[in-house]
Amino acid sequence: MEYRNNEQVAARAAQLASVSSDDIEQLNDLLVGVRTAADLMESLIREFDGEIDVSKMSGTVDGTGSSSPNPVGEGSN
Amino acid sequence: MIGSPHLLTLSQQIRLLREGEITAVELVQAHLDVIIGLNPRLNSFITVDSEGALKQARAIDTARANGERLGPLAGATVGVKDSIPTAGLKTTDNSRLLENWIPDEDAATVARLRKAGAIVIGKTNLNEFGWSRPSEADLMPPPWNPWNPDRMSVGSSSGSGAVTTARMAAATIGTDGGGSALLPSGAHNLFSIKPTHGLVSRLGMDHNSHSEISPLCRTALDTAIMLESMVGYEPGDDMSWPGDVPEYAANIEEDIRGWRIGIPRDFIASAPNESEVVDVFDSFLKTLESLGCELVDIDLRGMAEARAANFLVLNSEAYQRHQKSLRSSWNAYGPITRVYLLQGAFLSANDLLNAGEVGRAFKNYFSHILSDQSLKAIATPTSPFATAERSRRPGEHSRGINACYTAPFNITGHPSISLPAGFGDAGIPVGAMLTGDLHTDQSLLQLAHTYDETTDWSTLSPPNCS
């Protein structure tokens, strides 16, 4: 995920819709989780000749118990 | 004349109609009377189609009088989540963008239900576009839970859960992209199955690639009857499963003694389960044991990663679908929904592909867990929380914790069934869930039916609904 800071997010959001400063603030809060989840996915991908090994992933709800950062899901139910 | 026919289960209602003990018009009128009494307080329906439902009922009664063959759902009143298009009946998605949209065609599943004789009695409430959180700013304010009308119904298929449990229809259908049907099923003392991916086509509706259409019913048998009428190959849907339609209802009786059920105890213990959920789940497991099931502790990995993958895909696809409208009609969206929908714009194609790859790896892993240990299913709570309000606490909703048991199996396509299992302190029902291997929906229904026959949860009705 290439949008790493609030300024980058604000600039991109303004290109996409008529966002307000309140919208940007909410969006930045939500994107913390999205960014973490996207980084987690990237960390799980192996080298070209490797396979993802689920047995080495976390055994907990918050993603602990593995060498990966905590996953965070965002969205609806 | 049968008094209060709306209190009967769907299977009882359609049997009485077939036997000539009741008419479809009487069934529809009984449900409409309940709707008139309860919906103004509960907001469960967005649109009620009194005239259309009575017209459908008269056609069924005429067909029966003429000796014509009736469909398996003839006379059953069904509420349809308002994100699923219905021909000639307003479909708003609870959004001002679609406030006046009347589709020309039914979604494929609705067409199948109508062909089976179901009567669409109205469109049920939901979070705007089935997304984000319910808000008073939505087109229709959020629905309230009939079990405690001071508490919100959990969503997004919240209205569908409320309608079925309050006897405003014999059954409802909802959609489930991360728990949106299973969670409200658990919170309304209902049965709901999220079928194996592809069994029930999403043709004709806006959908995410991992969301499924699910029936929400009062009994396991009702669930089997509904699902059987919803399953079927749709050539226009490239994700539709081309196999034969199983006879779920006819084969629902099964000896489940000796069936092995996996319990991922460490994973469950890591969730912020409320004490009521823990107690209810323990009781649920004891019931399974008493039915002869063998409980097996298992080590289950990757649930959090699969949940994260599912939500990335959901976010990306939701933005893709709404990108043009967000640009042109930003202010027509609810203030929460529009920001949630915009999240997906910040994901790259690579992020989406990575999430898909993780989802596929977890799918294969989970199927191997089941087959290697000869498990019919795994058991978990449906949600860690006992009320919608608690599930939406800051930090927990945004991390998707309320969907920690459900969402991993959306990206894998494995079937899950939520069963009624008890009540929390606020009087809100608490569900338990079974998840099986791909295309073992029949086994899940058999487990649920045996459990249903042994427990009395499905005989209970909310206060003021009997």
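Biologist: What share of the accessible surface of chain A belongs to carbon and sulfur atoms?
Modeller: This is a predicted model: local features need pLDDT of at least 70, side-chain atom pairs count only at pLDDT 80 or more, and totals for chains, interfaces and linings use all residues. Residues are numbered from 1 along each chain as its sequence is written, chains are lettered from A and ligands numbered from 1 in the order written, and side-chain values use heavy atoms, without hydrogens and water. Accessible areas come from the Shrake-Rupley method with a 1.4 Å probe, and for residues only the protein chains shown count as cover. Chain A has about 3,800 Å² of accessible surface, and the carbon and sulfur share is 45%.

Biologist: How much of chain A counts as buried?
Modeller: Buried means under 20% relative accessible area, exposed over 50%, partly exposed in between (1.4 Å probe, protein chains only). Of the 77 residues of chain A, the buried part is 47%.

Biologist: Which strands stand at the edges of the sheet in chain B?
Modeller: Strands (E, at least two residues) and helices (H or I, at least four) are DSSP runs numbered from the N terminus, and two strands pair if DSSP finds at least two bridges between them. The open sheet has 11 strands with mixed pairing, in the order E1-E3-E2-E6-E8-E7-E12-E13-E11-E9-E10. Each edge strand has a single partner, so one side of it is left without a neighbour in the sheet; the two are E1 (45-48) and E10 (294-297).
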